[in-house]
Amino acid sequence: MIRLSLRLLAPLMLTAIAMPSPAAAPTDIPADPVIQMREHWLDADINAFNFRHSADMFETRAVPHGDTVRALPDGQAITPPAFRQNGVTRSYDEWARRTYTNAIIVLRDGKVVFEEYRNRARPSDRFISFSMAKSITSLLIGIALDQGKIGSLDDPAGKYVPELRKGAYGDVTIRQLLQMRSGVDYDERYDFGEKPSVAALIHRHAIVLNEERFADRATTMTRVAKPGSRFNYATLDTAVLGWVLERATGQSLASLTATNLWQPAGMADDAFWIADGPEGKGRELSGMGFNATLRDYARLGQLMLDDGLRDGKAVLPRGWMKQATSMIPFAQPTPLGGRGYGFQFWQLDDQPGAYTALGLAGQFIYVHPQSRTVIVKLSHYPLPEPPHVMGETLAYFQQLVRLAP
């Protein structure tokens, strides 16, 4: 998850990226407007719009839907309750605005009981998932394992991507990558300027400038801990998982997603992955680049709640969701509220069995098995994330799951 707003860094980035010196180029030629759009993608004053228009800024890889659609019938509608926390009461609208809501849907037993689009969003809009994409990559790993394309979760990444063998990722297992326990010297900090962090360099060159692929630098990474010994959130780990999937299956991530997940699950709309690297040559951004409609994210949450079944037919391997959401608890909650981590899924609260696909700036697929509830909230948090938003979001989710069906 990117922890700093690109807007806050824009002056440094523009100096480093988009403002050529007079000696290098004529001063009367403006900076590339596409690069400028990408640099301002996360800006708080326009991100409510940007987050559903990524296809207009980036190269994409299509994930078409299939011929049949999983129904989302209407259930008994609920009226969103007032938000109550620590003696403070706010209306639903006040809660939605304080938590920067773009769109929200609530399913109970697979039926829609509440749905709302805000900020001029529409049902046809395809919203960026950010790191919810990591959970989708986890599902694809489970499918490839079930199909025998991946032999074992304890296989090293270098078995499938020989280019990784010369660096620290070569002998890190797929399981350790899923758990964010690679031990690789990578810090999820996006520090630009004179001495940019590795994450900043990757973001700048792979996503903003499209000069390299996100996972390319994985071949030269060094190690700071024994693989499996500690949790360290690293989008680069998921980029390596995407690379493993490509090599193991012989398919692009977009093709793999469409044929093995999106179409069998009965999604209603086309989705897409953002691509990195040179135009026409980059790979899908497996750690943050998936985009889909609100209702299709809800269908995905329902599929996970139903242990991968659609109308009694397995889309995901039986038992994969239980395995993927068996959390390794943290000794202390993370600054963003995390209590444990599974295979690219988060435990964010103390609700038994609840788990979340979580993305930057407030993207949630929250699954609450005890109440058979799925909540998808697509947000536009400013960055750095305001301290109140995670706690108020999760507290309201708990109010929603307690409502009578």
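This report describes the confidence, a helix pair and a sheet of a predicted model.

## Model confidence

The chain has a mean pLDDT of 92, with 93% of its residues at 70 or more. Residues 1–22 stand apart from this picture: pLDDT stays under 50 there, although the model has 59 contacts beyond four places in sequence for this stretch. Where pLDDT is low, the predicted coordinates should not be read in detail.

## Packing of helices α5 and α9

Two packed helices are described by the angle between their axes and the distance between the axes. For helix α5 (residues 132–146) and helix α9 (residues 235–249), the axes come within 10 Å and cross at roughly 35°. The crossing of this pair is left-handed.

On the α5 side, the residues in contact are K134, T137, L140, I141 and A144; they meet T235, T238, L241, G242, L245 and T249 of α9. Classified by residue type, this contact comprises five nonpolar, five polar and one charged residues.

An open sheet is formed by four strands with antiparallel pairing, in the order β1-β7-β8-β6. Its edges are taken by β1 (60–63) and β6 (127–128); each has a single partner strand, so one side of each is left without a neighbour in the sheet.

Strand β6 runs antiparallel to strand β8 (residues 290–292), and two bridges join them. F127 has A292 of β8 as its bridge partner. Helix α11 (residues 294–305) packs on the sheet, where it touches β6 and β8. The direction of α11 makes about 110° with that of β8.

Methods:
Residues numbered from 1 in each chain as written. Predicted model: local features only at pLDDT ≥ 70, side-chain atom pairs only at ≥ 80, totals over all residues. Heavy atoms only, no water. pLDDT = per-residue confidence, 0-100. Contact = heavy atoms within 4.5 Å. Axes fitted to C-alpha atoms, helices over the stretch in contact; angles between N-to-C directions. Left-handed = near helix turned anticlockwise from the far one by under 90°. Nonpolar A, V, L, I, M, F, W, Y, C, P; charged D, E, K, R; others polar. Pairing = 2+ DSSP bridges.
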